[in-house]
Amino acid sequence: MKILGIETSCDETAVAVVEDGTKVLSNVVYSQIPLHHFTGGVVPEVAAREHVVKIVPVIKEALKQAGVKITGNELLKGIDAIAVTRGPGLLSSLITGVCAASTLSLVSKKKLIPVNHIAGHIYANWLAPDEENKEINFPVMVLTVSGGHNELVLMKKHADFNLIGESLDDAAGEAFDKVARLLGLGYPGGPHVARVAEMGNALRFQLPRVFMGKDNFDFSFSGLKTAVLNVVTKEFESNGRLREEFIQDVAACFQDSVCSVLSDKLLMAGDKYKVKEVHIAGGVSANKRLRQMLEEKSAGKYYFDHKGKKVNLKSVPVLRYAKNISLCTDNAAMIAGAAYFLFKNDPSAYRRSFNVLADPNLNMYD
Ligand code: KG4
Ligand code: ZN
């Protein structure tokens with residue numbers, strides 16, 4: 001089953017064609033990063049206007065790369081359904097994707113499958129699974145870490161999402177973005193913090209590792225952000241500027257603090273719920289240090305608990321993340337991929353054209 005996916009929930013205009021939820025035939029992403037660089041973040045009206053300009057060229061390119069006919073009597077020949085991100089995200093951005101998908105579904109008479117953006121991130125791990133671990137086995141514990149969401153999700157089967165824990169304040173990506181701003185680095189912050197952190201000393205500052213108590217699967221990054229602010233303010237007061245080495249060290253300490261909590265909680269949750277696999281998904285899952293910590297702890301069969309005490313894992317689940325980092329950040333292949341499994345699980349999971357409404361606060365856990 002070939003699905004055309006459309007994603008416009010934030011600042012990426014993305015369209016892809018995916019076969020059977022795993023094979024990516026095309027994956028085109030037009031990123032607005034240079035546009036939002038000047039404001040240091042996404043201005044919703046600016047993002048929305050750019051989606052309107054780019055959506056048609058991006059659709060055409062994705063179809064062309066997948067070898068799908070765009071015009072004439074054979075409109076979208078070979079495509080079985082159209083999937084679109086319905087939410088959560090910026091309403092003014094979501095509308096462009098939903099409108100484009102509805103129109104295409106109306107004129108081509110193809111099914112329209114609405115997809116939750118977070119479900120999309122989760123299904124990115126089903127796209128081109130690695131050769132060693134081709135088969136994904138349930139139950140799976142997924143850590144979703146992005147700019148807008150930070151959750152632990154237990155899946156016992158396809159399209160079955162159980163919320164185990166979530167961030168009570170900032171998502172991990174949001175914390176990366178805010179710390180990058182404090183350090184005078186670019187937008188989006190995550191990749192910039194990660195880049196400078198590679199040269200830094202992760203042991204220089206004592207930053208909090210906020211675990212929030214025994215058996216607690218929620219997250220909180222606001223205290224850590226305040227701790228970074230205090231260190232930065234002190235440095236400004238004594239030196240009048242932030243030296244390169246200082247920036248690198250703060251970035252490394254901050255990154256280690258976030259990644260240690262994320263990796264420990266994911267492995268702790270996986271152990272508690274006796275899962276076969278643990279996955280990371282979303283923009284922050286591109287982070288090398290997070291991947292490295294998870295690899296090390298999985299290989300050593302341990303995690304650190306709320307007191308920082310080493311705990312042995314009862315069993316060792318398969319660790320999975322998208323090797324190709326363009327599948328971690330926003331893209332439409334993940335939306336087309338998720339749509340396939342949602343539809344396979346429930347053949348009534350499609351809507352008539354124009355019966356899908358964008359929902360900025362869409363929840364997938366009811
Ligand atoms: O999934 P995504 O593209 O969009 C949302 O759904 O939010 O995630 C974007 C977030 C941003 O906060 C960005 O700073 C962060 O992912 N990010 C990273 C890295 N690459 C992107 N954070 C840490 N390290 C990275 N390498
Ligand atoms: Zn996202």
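This is a predicted model: local features need pLDDT of at least 70, side-chain atom pairs count only at pLDDT 80 or more; totals for chains, interfaces and linings use all residues.
Ligand 1 comes first. A shell of 21 residues sits around ligand 1, and Ser146, Gly147, Asp177, Gly190 and Asn287 come nearest. Sorted by class, that shell is made up of 13 polar, six nonpolar and two charged residues. An oxygen of ligand 1 lies 2.6 Å from an N or O atom in the side chain of Asp177. His117 brings in its side chain, where an N or O atom is 3.2 Å from a ligand oxygen. On its own, ligand 1 would expose 560 Å², and the protein buries 88% of that area. As for secondary structure, the elements that supply two or more residues to the shell are helices H4 (117-123), H5 (172-182) and H6 (189-197).

Next up is the second largest pocket, with a volume of about 530 Å³. Its lining counts 20 residues, with Arg86, Pro114, Asn116, Leu342 and Arg351 nearest the centre. Strand E5 (111-116) and helix H10 (333-345) are the elements that give two or more residues to this lining. E5 gives the most, with three residues. By class, the pocket lining has 11 nonpolar, five polar and four charged residues.

Aromatic rings also deserve a look: a search of the whole structure turns up 12 aromatic pairs. One of them, Tyr123 with Phe341, counts as stacked because the ring planes meet at 15 degrees, with the centres 5.0 Å apart. This pair ties together distant parts of the chain, since Tyr123 belongs to helix H4 and Phe341 to helix H10, 218 residues apart.

That leaves the backbone. Most peptide bonds are trans, and most residues other than glycine have a negative phi. Against that background, a cis peptide bond links Phe138 to Pro139, with omega at about 0 degrees. Pro139 sits in the loop between H4 and strand E6 (140-145). Another cis bond joins Tyr187 and Pro188, here with omega at about -10 degrees. Pro188 is in the loop between H5 and H6. Lys109, a residue other than glycine, has a positive phi, near 60 degrees. Lys109 falls in the loop between helix H3 (91-108) and E5.

Terms used. Residues are numbered from 1 along each chain as its sequence is written. Chains are lettered from A and ligands numbered from 1 in the order in which they are written. Side-chain values use heavy atoms; hydrogens and water are left out. A residue is near a molecule or strand if one of its heavy atoms lies within 4 Å of it. A polar contact is a pair of N or O atoms within 3.5 Å; within protein, one must be able to donate a hydrogen and the other to accept it, and residues adjacent in sequence count only if both atoms are side-chain atoms. Accessible areas come from the Shrake-Rupley method with a 1.4 Å probe; for residues, only the protein chains shown count as cover. Helices (H or I, at least four residues) and strands (E, at least two) are DSSP runs, numbered from the N terminus. Ala, Val, Leu, Ile, Met, Phe, Trp, Tyr, Cys and Pro count as nonpolar, Asp, Glu, Lys and Arg as charged, and the others, Gly among them, as polar. On a 1 Å grid over the protein atoms alone, a cavity is a set of points where a 1.4 Å probe fits but cannot get out, and a pocket is an open set with protein on both sides within 12 Å along at least five of seven lines; lining residues have an atom within 4 Å of a point. Grid points are joined across faces, edges and corners, and a volume is the space filled by probe spheres set on the points. Rings of Phe, Tyr and Trp (its six-membered ring) pair if their centres lie within 6.5 Å; planes under 30 degrees apart count as stacked, over 60 as edge-to-face and the rest as tilted.
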